[in-house]
Every structure is written in C-alpha cells, then in structure tokens.
Amino acid sequence: MFIVTLNATINGLLYGSIWGIIALGFTLVFGVMDFVNFAQGFFVIIPAFFSYFLFVSWEIDPYLSLLFIMPLSFGLGLLVYKYVGVRLLDEPHSAHIVVTLGLCFFIENLLLLLAGGDLRNAVTSYTSDTIQWGWMMMSYPRFWASAVAWICVFLLFLFLKYTDTGRSMRAAADNREGARIVGIHVDRVYLIAFGVSVLIAGIAGAVIIPFYLISPFTGMDFLGKAFAAVIIGGLGSIPGAMIGGLMIGVVESIAGVFFKASLGNAVTFFIMILVLLFKPNGLFGE
Amino acid sequence: MSNVSRTRKPYYYLGGAGGILLFLPLVMNDHLLTVAITGLMWAYLCLSWNLVFGFAGQFSLGHALFWGIGAYTSTVLFVNYGLTPWVGIFVGGFLSAIAAWLISLVVLRYRVKGVYFALMTLAFAEVFTGLALNWDYIRGPVGILLPMKNSPGNLFFIARAPYYYFILGLLCLGLGVTYGIQKSKLGYYLKAVREDEEAAEVSGVPSSRYKILAMIISAFLTALGGTFYAQFFLYISPEIMFGFGSQMTMMIGTMVGGAGTLLGPVLGSLVFSFLGELLRSLPLAHSREIVTVERMIWALVLVVVIFYLPGGLVTLGDRVKSRKGRPGTS
C-alpha cells in the first residue's frame, strides 16, 4: 500500500506539472494585465484536438506537431487579445468573466459540432509504455509531458528574467502607468504576454493528448484545475501556479487511491475554498 | 406630453403582454407550449440570479447549487418518503436558503470579493457535484427518474397547460419580488452597496446584512425553479442539476437582456427561446446539431451585446431614441 501511495504521488506530480503550466498561462495574464481569462481551458483543448487530428489523419506524432501548434497557438492568442482582450482591459472583472465564458461556450459547441462529444486520445506506439525503476513505475508519455512542462517553466523564467520584453512585462505588471512613462509599449507587452499564455496552453494540449482522454467538455475541467491551482498558489504568482498545480495533481491522484476518482475534483475544490478563506493570497503569496 | 403618461406607458405594454401570456395555452400546440414553458422557466431563473448579480453586484457562479438543492430535495422527499412536491418545493427552497445563508456568512466573514467570490461560489457548486456523484442515497451518477402520470396532488400533469400556468405564476412571483426590492429601501441600499461599498458603509448601510438577504431570497427562488425542472422534465442527475450548464444559461440570459433591471432577464431568455425555435423551424434543421449551433449563437450574441450594448437589450429602445436626436427629453 505504501508503494502504491508513493507511485500515486509520483503520478500526481507528473499530472500536476501539466495542471501547473495551464495555470501558469492564466496567472501570467492576470499578473501582467489584470485580465481574468476563463477561456484558458479551451486554449488547451483546441490545440489538443488539432494535434489529435494531425495524428489520426497523417500519423504526425503529437510531439512533432508542437512545431505547428506553437506558432498557431501564439497566433491564436494574438488574435483573441486583439479582438477581445484589448476591449476588456478597462472593464471590471465581471465583464472579463462573462465574455471569456461566452468564448468558452462558443468554442465548446464549435468543437462539439466539428468533432462530436466522444472522449478520445491519440493512441501512439508509446501511449502505454512505462518506465520502471525498482519499485517506482511511471507512465512514459506522462513523464515526457511533465518534462516538457518543466522546460516551459524554465524557458519562461529565462524569458521574464533576461529578455527586454520579459523585463518590460514584469515592469508593466508592477506598475502600468509607470511602465508607460518610462517608454515601454505597454499594449505590445500585453499582446505578447497574452500570446505566450496561449502558447503555453497549446504546448500543454499537444503533450497531453497521447495519454489524456479529451472531449469538448474537458475544457471546463482544465479551467477548473487551472483556477484551483492558481488560487492555491496565489493569483498572479508564477511559482505559486506550479506549486498549486503539483498539489492538485497529488491530491487527486491520492484521492483516486483511497476514495473514488470522481471525488478528486470535489476534494480539489474543497481545498481551494479553504485556501480562499484562510490564505486569500494563496499558500505562497505574501 | 406629460411626464406621467410617458412613465406609465411601459406598464400598459406589460399588462398587454401578461394578458396574451395568460391565454397562450388555448392557441398553442404541445410542442410550442413546451418551448414556452422552458423559456419562462429560464426567464424565472435569470430573474433569480439577477437579484444577486444585478442588484447586489455579487458575481455568483454557483447558482447551480441552489437549483440542484431545490430539485433534489423535493424529488428525494417524494421518491423515498412520498411527500408531495407541493410541500417539497418549499422544503427545497428553505434548505437552499440555508445553504445560501451559510455560504454568505463564510464569504462575508472572510471578505471574499470580486473574482474570488465568483470562484468561491463556483467551487461550492463543484464540490456538491462531486458529492452528489458519489452519494448512493440520491442514486449518484445514475440520477433519479420521476414517474410520468397525472397526479395534480403531487404536481405531476400529463397536459402541458398546468405546468405553463405554474411557471407563469412563479415568474410573476419573481417579477413581484424583484419589483418589490427595486422599490423598497432594500433596493436602494443594494444599489448603494453595488456602486460603492465603502461609501455605503460609511453612510450607515449595513452592507453585509443586505447582501446576505439578497443571496437568501435569490437562492430560495432558484430552488423553486429547480423543483419545477424536476417535475416538468422528470429526470434529474448531478450533472444536469449541479453542473455549470444552468449557470451559463442564467448568466447569458440576464446579461443579454440587461442585468440589474426588472424586465431585462425575462426579455433576454425569451429572445433566446424565440431564436432557438426559429432556428429549429428552418427547413435545413433536422438534426441534433441544431442545439449546438443554437448555443454558439447564444455565445456570439452575448459577446456582441456586452461589447456594443453593455446595458443589455432593455436599453435598446433608449439607444434608438437618443440616436434620433431626442436626448434628455424624459
């Protein structure tokens, strides 16, 4: 039982890295431009479906499809920002929520129309492979998905820390007017931040498809996980999003061992409520 | 033209519309009547949600919880204990009001606001979905099937018309409550709290008490709608009752019609019912995909209205008037 729990924990950490980067996109946009993007889950689902159809139609490996998905996701982000996001920046949060939920609803039903409501994943040659190391066992595609997630985190860290755009992003996050005064093109920075957030979501979508069953309705699940992770870690905090994601992954995985898997979601949201009450800035917020 | 006749006019229209609504079942066939009943039900639910969002300014995303509590309470009481839903509907309402009271207490005690309030209420609904799915007493994910029979004592009818009058009555109740709140001190207090909570507090408005009150009334009304859903559609499941779908419909109808107004939510919902029916009557429409297309149209209309008509459809008339160059005549 102990070993089962340990393996469940490891499995949870692998999943958690994915929830973490989905949450990362959400928190980045919130932190930089104070925008609440309820459509984040669907920016995972769209590329996941795209990757799935590339695999089914032309047997393009999901990891190879990242080559298409990354620019397309980034472009999608730019478009959504340009036509939707930018109009909402000065509106209250409730308007952000309503419009992005509307977007969710649109995309969900569009996908339903195009692809149907079946659950599906890309059954690649490595989908059911495992890595075994002593008592430790992990699923091969989950391991690599999580590795890609951490590479994303690392690159994002480098981007924010060392590039001019990244630095202006942090400046704009700290003080919008101040950033404008010192000559930062705040609008451009926002545009790029939104693009990057959708790009990260797209990567998550492509690496998740070899092992995770998706349907148009899964977008809402991803959204829920992103929220829970972001709230637990602290809204707007990038390390917080990753830690929150990992916690959710582990909690759900262990809940699956001791209770029923369908309680995992309830447990996650229960923790989220507790965190909101007792540490409203998140476990790791200031 | 005097000011009086100008302000009275809408009520004539309202009276006329009410009269027409009263006699509709005489001329409608069963299909149209079902459409009308569904439309009125959503109008009623939008009104209930509007009390919290439109009047108290609190963005609840967890009203599915109250809806589900209403439906499950009356249904479980009826199926397991034979209690008539005529009573169960109020038991559900009270349980739901208690849930709303507890949630509000927690939320206000810890000063959860804005986005956090939305996420918190959403999380409560999600927790309940998970619990309902795993609770065998209420038959978990299988859901509960209600018998189809004619038994007015238990609020079951074969004919459509009784359901129609029942939901019309509920809608009148919702309109009455909303109107009452709008015209009472509570309405003005809520408005003050919504516009600027700190200023309201400083002027001596106990904002917490009124927010809780709005939430409780809204939850009670929403739960009555839940019982109606169960009695009319005769099947409930955790996903239908506690899932996010109903919340989405309440939100879209209210926002499109006009949040914080008396007739906006009703108008919004009825427009969507009408649009849906129009879509179904098109010659090309003979597949299940029509529901999907309908929802895509909802989403588009929602986004367009928020961007170009932020006050909702109820402000359309004023917009047109002011375009004609008669601003400020009222």
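Colleague: How do strands E1 and E2 of chain A pair?

Modeller: Strand E1 (residues 130-133) and strand E2 (residues 136-139) of chain A run antiparallel, with four bridges between them. Strands here are DSSP runs of E with at least two residues, helices are runs of H or I with at least four, and both are numbered from the N terminus. Two strands pair if DSSP finds at least two bridges between them.

Colleague: Which residue does A:Gln132 stand opposite?

Modeller: A:Met137 in E2(A). E1(A) and E2(A) make a hairpin with two residues between them, and A:Gly134 in the turn has a positive phi of about 65 degrees.

Colleague: Before I go on, what should I know about the model and the numbering?

Modeller: This is a predicted model: local features need pLDDT of at least 70, side-chain atom pairs count only at pLDDT 80 or more, and totals for chains, interfaces and linings use all residues. Residues are numbered from 1 along each chain as its sequence is written, while chains are lettered from A and ligands numbered from 1 in the order in which they are written.

Colleague: Good. What follows H4 of chain A?

Modeller: A:Gly116, with a positive phi near 80 degrees. H4(A) itself covers residues 93-115, and its end C-alpha atoms are 32 Å apart, which agrees with the 33 Å that its 23 residues should span at 1.5 Å a residue. The expected span is 1.5 Å times one less than the number of residues.

Colleague: Switching to A:Phe43, is it buried or exposed?

Modeller: A:Phe43 counts as buried because it has 30 C-beta neighbours inside 10 Å. The cut-offs are 20 or more other C-beta atoms within 10 Å for buried, 12 or fewer for exposed, and partly exposed in between, with C-beta atoms placed from the backbone. A:Phe43 belongs to helix H2 (residues 40-58) of chain A.

Colleague: And which residues is A:Phe43 in contact with?

Modeller: Setting aside neighbours within four places in sequence, A:Ser73, A:Val198, A:Ala201 and A:Gly202. A contact is two C-beta atoms, placed from the backbone, within 7 Å.

Colleague: What about A:Met272, what does that one touch?

Modeller: A:Met272 touches A:Ala228, A:Ile231, A:Ile232 and B:Ala123, again not counting residues up to four places away in sequence. A:Met272 is also one of the residues that touch the most other members of the largest nonpolar core, which has 192 residues. Such a core is a set of buried Ala, Val, Leu, Ile, Met, Phe, Trp, Tyr and Cys residues joined through C-beta atoms within 7 Å.

Colleague: Where is H5(B), and how far does it reach?

Modeller: Residues 114-133 of chain B, reaching 29 Å from first C-alpha to last, close to the expected 28 Å. H5(B) is mostly covered, with 17 of its 20 residues buried.

Colleague: Last one: how many helices and strands does chain B have?

Modeller: 14 helices and two strands. Of its 330 residues, 46% count as buried.
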